[in-house]
Amino acid sequence: MTRTASPASCPAGALRSAAQGLGIFSLALGVAELLAPRALARMTGMPGRETLIRACGLREIVNGIGLLASVDPRPWLWSRVAGDALDLSTLALRPGARPAAAPIRNAAMWMTTAVGVVDMACALLPDRARNDAAGAAINYRDRSGMPRPPDQMRGAASDFEVPRDMRPPEALRAYTTP
Amino acid sequence: MKALCWHGKKDIRCDTVPDPKIEEPRDAIIRMTSCAICGSDLHLFGGFMPGMESGDIIGHEFMGEVVEVGRDNKKLKVGDRVVVPFTICCGECEQCRRGNWSVCERSNRNKDLADKMFGHSTAGMYGYTHLTGGYPGGQAEYVRVPFADVTPVKIPDGLTDEQVLFLGDIFPTGWQAAVQCDIQPDDTVAVWGAGPVGQFAMRSALLLGARQVVAIDNVRERLSMAKAGGAIPINFDDESVLDRLKELTGGKGPEKCIDAVGMEAHTTRSLDSMVDRAKQTVMLETDRPHVLREMIYVCRPAGTLSIPGVYGGLIDKVPFGALMNKGLTVRTGQTHVNRWTDDLLRRIQDGQIDPSFVITHTVGLEDGPGMYETFRDKKDGCIKVVLKP
């Protein structure tokens, strides 16, 4: 392969892949929390807390959209970490929990902790593509494609006549011309 | 022969396929000497355009040597060196006779499909879905050129492939984008997208006499190339496009705006582009019109929007009220390449412009599949890839 430029390569970062995966996970979880709050409340040992589950679902969907759509996913990854901390504390404080649900709730806390660790690890990943790009951007300043500096080439094609169908009709042309 | 074939989203392979044959008396067979990956090929790579089938040969920017000619083709002879425009045109229908080559009424052999999609069919195209006729493309060792006595541009001796290859698409596309603006000497022309088409649009606007040309992108290499061509760069990751354009135009906005981005606008920090990306992910929207929205908003009232950027389907939340009330003119469409090729070839021969400036990577055809990702992700300073079969 012949490169007519000679830069360092800039592969896409693991950060961006992680953001995409977590974004899809957030969207899926958020939709589940919105559509099946009662089942999730039972699964996490917190019956009667469906409104809280739905609110968490909305939060997950917003995070998911942010992770999938943003140029810089890092703020959204930290938002997920904050959300995990909130979820963990909610589960630990056990609002409305039944004692018999303790094993279920403990399992949910362990899962939330594991997800939180993954989220934090991803948030701490270096953005190699952006770092590489910032450091190794190639300057194509010698590639004008024209024989003289741009200011001297302005209007060099003034002999060209714009076709009739690509200019305003005579009746709509501006009253004044430069 | 070897050819680059589409096999699915993000799956391009260099396959061995049958050589093309003369099918109609006006055909010609071209042996490729150079071809290129176009930005619109990335829409196929990303699976954004409907109508592709596994095994389709892609590519619509190509040139080479005539090796076989149909019995009724009186224009070409074996040995001629030609650049082939990306649209296939009969030269005889009402639209071709008007010079509206890219909407030829006869060359799309899947006209019924296109009629359903767009209301009325447009011209056939090489290597660009069955909606445009399902013609094999030119990222290959050989290609069949239908109606070859109409569109191929004969190249005189003394010009390299790299100087003339882009006469088949991106140079006339950038040129038409600027011409459609009907540029006046006091105009500011703002160009969104500093990819290959944008680069040619900027230089065309300068040559046609624009007072100032502005380039809007976030890739530093592309902005440096735009600056080399006389454009004022705006990096939308670093500053507000709206504020900077106001500063450059005394608060009034650019008179002429060119969308050289199309359906895959980058997601920026703006809410609308984030929502576009999210909606596209769940298939609530097919195209991402962030650039269109921004152009409509910033363009000076009574100005012109020129849209060479390719769109394929449906867009959402476009401020049509602003467009209408500001009295903006919209000119768009695939390029009528043959309207411009004679004049642009003369300008290349006269030394007014050398289109080879835009080439950053040249690889063998067999390395083409890997270059799609390089081109899409703008890795390695990639702006334009030329393939050598």
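Predicted model: local features only at pLDDT ≥ 70, side-chain atom pairs only at ≥ 80, totals over all residues.
Residues are numbered from 1 along each chain as its sequence is written, chains are lettered from A and ligands numbered from 1 in written order, and side-chain values use heavy atoms, with hydrogens and water left out.

Visitor: In what order do the six strands of the open parallel sheet stand?
Guide: Strands here are DSSP runs of type E with at least two residues, and helices are runs of H or I with at least four, both numbered from the N terminus. Two strands pair if DSSP finds at least two bridges between them. At the edges are E13 (231-235) and E16 of chain B, each pairing on one side only. The order in chain B is E13-E12-E11-E14-E15-E16.

Visitor: Which residue is the bridge partner of Ile307(B) in E16(B)?
Guide: E15(B) and E16(B) are joined by four bridges and run parallel. Ile307(B) takes part in this bridging, and its partner in E16(B) is Thr332(B).

Visitor: What angle does the direction of H10(B) make with that of E14(B)?
Guide: H10(B) packs on the sheet and touches E11 (188-192), E14 (256-259) and E15 of chain B. Contact means heavy atoms within 4.5 Å. Axes are lines fitted to C-alpha atoms, for helices over the stretch in contact, and angles run from 0 to 180 degrees between N-to-C directions. The angle with E14(B) is about 180°.

Visitor: How many of the nine residues of H10(B) are buried?
Guide: Buried means under 20% relative accessible area, exposed over 50%, and partly exposed in between, with a 1.4 Å probe and protein chains only. The buried residues include His290(B), Arg293(B) and Val298(B). H10(B) is largely enclosed by the rest of the structure, because the buried count is seven.

Visitor: How much space lies in the second largest pocket?
Guide: On a 1 Å grid over the protein atoms alone, a pocket is an open set of points with protein on both sides within 12 Å along at least five of seven lines; a cavity is a set where a 1.4 Å probe fits but cannot get out; lining residues have an atom within 4 Å of a point. Grid points are joined across faces, edges and corners, and a volume is the space filled by probe spheres set on the points. H3 (111-118), H10 (290-298), E15 (304-307) and E16 (329-332) of chain B each give at least two residues to this pocket's lining. The space in the second largest pocket is about 820 Å³.

Visitor: Which helix gives the most to the lining of the largest cavity?
Guide: This cavity holds about 40 Å³ of space. Its lining includes Thr173(B), Gln176(B), Ile307(B) and Gly333(B). With three residues, the helix that gives the most is H5 (170-179) of chain B.

Visitor: Is Thr129(B), with its positive phi, buried or exposed?
Guide: Most residues other than glycine have a negative phi. Thr129(B) has phi near 75°. Its place is the loop between E8 (124-125) and E9 (142-145) of chain B. At 5% relative accessibility, Thr129(B) is buried.

Visitor: Which residue stands opposite Cys5(B) in E4(B)?
Guide: An open antiparallel sheet of chain B has the order E2-E1-E4. Two bridges join E1 (2-6) to E4(B). Opposite Cys5(B) stands Ile57(B).

Visitor: Which residues does Glu373(B) contact, leaving aside its neighbours within four places in sequence?
Guide: Glu373(B) is found in H13 (368-376) of chain B, and H13(B) lies across E1 and E2 of chain B. Glu373(B) is partly exposed, at 36% relative accessible area. Its contacts are Phe45(B) and Lys379(B).
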